[in-house]
Amino acid sequence: SYTTDTKSRGENKKTLESLYSLSVDITKIRRLKEWVLLQDVAYVKEIAGILQEMGADEPTVANIIERCPEAILHTPAEINSQRALWRLVCQNEKQLIKLIEQFPESFFTTEYHHNQKANILFFQELGLKNNIITRFLTSAPNIFYNPVEKNKNVIETLQRNYLNLGGSEANMKIWILKLLSQNPFILLNTSTAIQENLEFLQKNDFTDQEVLQLLSKLKGFIFQLNSTTMHKSMPFSKNIFKCSDQELKQLVLKCPALLYYSVPVLEERLEGLLKEGISIAQIRETPMVLELTTQIVQYRIKKLSALGYDIKSGNLESLNGTKKDFEVTYGKIQSKKERPIFNPVAPLHIED
């Protein structure tokens, strides 16, 4: 526990003065990453100048530095290289500065510059649109830190398996691009992981066509499968739903969550549904409801009950889907309830 005086004595005065001149809130930096202020060399004015060159005003520059103080420790040459790199996928500098303001840490991670560049070029060759690549750069930056050979390896494994399972060459490109867009984190896994998981499914009598169907449905969850989890969750589901091996396969094809959720997770979700008065027969009819957390299910049932919709006697389809899907379903039920019943033979009251 240092006093403020001791702190300021260890801090770089030149850095502090430069930050003050840019109206940066230094208390935020002290709270977030005080070590930045202790460094002998910082490039505050130079980095601010580059950001201003790109179109950032003073409040934007201050906001970027407050959120990612280590930005000022990078040399102007490093930041200019990063700027040129991100411009490969950004329409203009205006879009770039907006991205830097929203995701400063992704932009100011310059240690993997060579890998980032190689991966951007690889994704462009693969056919990914620049707006998807910018989304990856900001929301899944780790995939760019991999050597490009590793990412190529994972993609090649997916392509090879897709073709081996009977997928067509013509559809493969669309399939791989869709899969990547939905879950870029598949690239953080090893190519052996997918191989093992596919082999497990084939040993459990899933046909090539069914495995291909699962591969498309899982949106990259194929990597999150775990043979130990599957060994336990499949018999658990078979027992709960009192079904044959063939019927279990059909349930899994409808709801791949039965494969990748562990038994404790499935138990908790089943228990939550049963507490709401929903039967095992209803769940078996619409197993996708197990993809939702207990809290989401309770919230949705509460909303539907307020409209007089009885989930116990109805179909569970109304609970399913993303937040957006549910809002559409809810809206339809609501408008149906509010619509007045028109009686064609009732006399019309027309005022004079």
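1. A word on naming before anything else: helices (H or I, at least four residues) and strands (E, at least two) are DSSP runs, numbered from the N terminus. Residues are numbered from 1 along each chain as its sequence is written. This is a predicted model, in which local features need pLDDT of at least 70, side-chain atom pairs count only at pLDDT 80 or more, and totals for chains, interfaces and linings use all residues, while side-chain values use heavy atoms, with hydrogens and water left out.

2. On confidence: pLDDT is the predictor's confidence in each residue, from 0 to 100. The protein chain has a mean of 88, with 91% of its residues at 70 or more. Over residues 1–6 pLDDT stays under 50, and the model has one contact (heavy atoms within 4.5 Å) beyond four places in sequence for them. Where pLDDT is low, the predicted coordinates should not be read in detail.

3. Now helix H13, residues 191–203. Its 13 residues reach 19 Å from first C-alpha to last, close to the 18 Å expected at 1.5 Å a residue; that expected span is 1.5 Å times one less than the number of residues. Just after H13, Asp205 takes a positive phi of about 70°.

4. Which residues of H13 are buried? They are Ser191, Ala193, Ile194, Asn197, Leu198, Phe200 and Leu201, where buried means under 20% relative accessible area, exposed over 50%, and partly exposed in between (1.4 Å probe, protein chains only). The buried residues pack against helices H11 (148–164), H14 (208–217), H15 (227–241) and H17 (257–260).

5. Phe200 and Asp205 turn up again in the lining of the second largest pocket, along with residues including Asn204, His231 and Lys249. For the terms: on a 1 Å grid over the protein atoms alone, a cavity is a set of points where a 1.4 Å probe fits but cannot get out, a pocket is an open set with protein on both sides within 12 Å along at least five of seven lines, and lining residues have an atom within 4 Å of a point. The pocket holds about 210 Å³ of space, a volume being the space filled by probe spheres set on the points, which are joined across faces, edges and corners.

6. H15 gives the most to that lining, with five residues; H15 and helix H16 (245–254) each supply at least two.

7. Lastly, a search of the whole structure finds one cavity of 30 Å³ or more. Helices H18 (263–275) and H20 (294–306) are the elements that give two or more residues to its lining, and H18 gives the most, with three.
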